[in-house]
Amino acid sequence: MGRGKKTLKEHALAIQKRYRELNAKEGFQTKEELDAYFFYRTPATQAALRKVLAHLEPNRHKTALELGSGPGSSYPVLKDLFFEKIVYIEKEQGFQREYPDVTWVIRDFLEDFIYPKADLVLFSYSLGELLAQEQLDAIQKAIDAMEKTIVIVEPGTPHGYETLMRARDFFIEKGLHINAPCFHTAQCPKKGAGWCHFSVRLERSKMHRQIKGGTLGYEDEKYCYVIVSKEPPKKKLFTILDTPKIEKYRALFNLCTPNGQKILECKANNKELFKSMKKKGWGEMLDSGILSSVDHFKNDLL
Ligand SMILES: C[S@@+](CC[C@H](N)C(=O)[O-])C[C@H]1O[C@@H](n2cnc3c(N)ncnc32)[C@H](O)[C@@H]1O
């Protein structure tokens, strides 16, 4: 590993330590830290964002506003989803990169100003850096700016979940519709019983491994999220809350429902269904079409 990269690794470790100790408010201290952040965090952020934004209705969103955009990690993900115009609001000057179709606004989004309107308003790993009241102030301004949807993504930790629950309660109070991972406004079934989060596996490049100091060729990024819209969701989709238990004669799925967590059982004698259900994983969603072909617990679910 060259000298430059060693430095990058040291900077990455310093940032990691601050985030673990929840001192992210201190911000990035040097240009090298900004670069280190870009190299060590962007792949995982993008992997989580791809998973989350895949739940958006295709081709409905053309403009995006991201609050606390960092280096614009979301850019390739948004472009792959055909976003045409993106506004990034970020307080750190050094993160600004040249991307077509992007307007950078370098300022603190907690300052007193009206956010530009956009189909999608995104907080990606930024809300949890704020104090509780600041979070709600920023969310209120995001609600005023949203044309269609707000998405919040946070680390899949108890702190990230707590941030999301505060936001979810606020959205419900404001009469907005929760789309995912739950389609309902009942209490989160994971409250008091762990925390709702998901996981995405991504490959680590050689450089990524060197910066992170790990030997594995992959990492699992844990994240949690909420998708909120002005319109009610078109479909009621039941999210699989944990890794399904696939056995020889049956598969068991722990689902998020308005009536709490419910275990759905799919028996192997229902051959076609069993074959397709065996492929479903943690975080995937099941629509009520599939549910109606499974006899077990279906009355409990709706
Ligand atoms: C953990 S980084 C996430 C960056 C990017 N969204 C991503 O997912 O990779 C959080 C970012 O939010 C920015 N941020 C936090 N509070 C902010 C505020 N009040 N105004 C503007 N930017 C803010 C930080 O400077 C930092 O770049």
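View 1. Helix 2 (31-53) and strand 2 (85-90) each give at least two residues to the shell around the ligand. Helices (H or I, at least four residues) and strands (E, at least two) are DSSP runs, numbered from the N terminus. Which residues come nearest to the ligand? Of the 19 around it, they are Gly68, Gly70, Ser73, Lys91 and Ser124; a residue is near if its C-beta atom, placed from the backbone, lies within 6 Å. The shell is made up of five nonpolar, eight polar and six charged residues. Here Ala, Val, Leu, Ile, Met, Phe, Trp, Tyr, Cys and Pro count as nonpolar, Asp, Glu, Lys and Arg as charged, and the others, Gly among them, as polar.

A note before you go on: this is a predicted model, in which local features need pLDDT of at least 70 and side-chain atom pairs count only at pLDDT 80 or more, while totals for chains, interfaces and linings use all residues. Residues are numbered from 1 along each chain as its sequence is written.

View 2. Gln135, Ala138, Ile139 and Ala142 are the buried residues of helix 4. They lie on the same side of helix 4 because they cover an arc of only 105° around the axis, judged by the directions from the helix axis to the C-beta atoms. Buried means 20 or more other C-beta atoms within 10 Å of a residue's own, exposed means 12 or fewer, and partly exposed is in between, with C-beta atoms placed from the backbone. The cover over the buried residues includes strand 1 (63-67), strand 4 (118-124), strand 5 (146-155) and helix 5 (158-173); contact here means C-beta atoms, placed from the backbone, within 7 Å. On the face turned away from the buried side, look for the exposed residues Gln133, Gln140 and Asp144.

**View 3. A closer look at Gln140.** Gln140 lies in helix 4 (residues 132-145). Why is Gln140 counted as exposed? Because it has 12 C-beta neighbours inside 10 Å.

**View 4. Two loop residues with positive phi.** Phe82 lies in the loop between helix 3 (75-80) and strand 2, and its phi is near 70°. Phe82 is exposed, with 10 other C-beta atoms within 10 Å. Asp101 lies in the loop between strand 2 and strand 3 (102-106), and phi of Asp101 is near 70°. With 14 C-beta neighbours inside 10 Å, Asp101 is partly exposed.

**View 5. A cis peptide bond at Pro181.** Ala180 and Pro181 are joined by a cis peptide bond, with omega about 0°. Pro181 sits in the loop between strand 6 (177-180) and strand 7 (198-203).

Conventions:
Contact = placed C-beta atoms within 7 Å.
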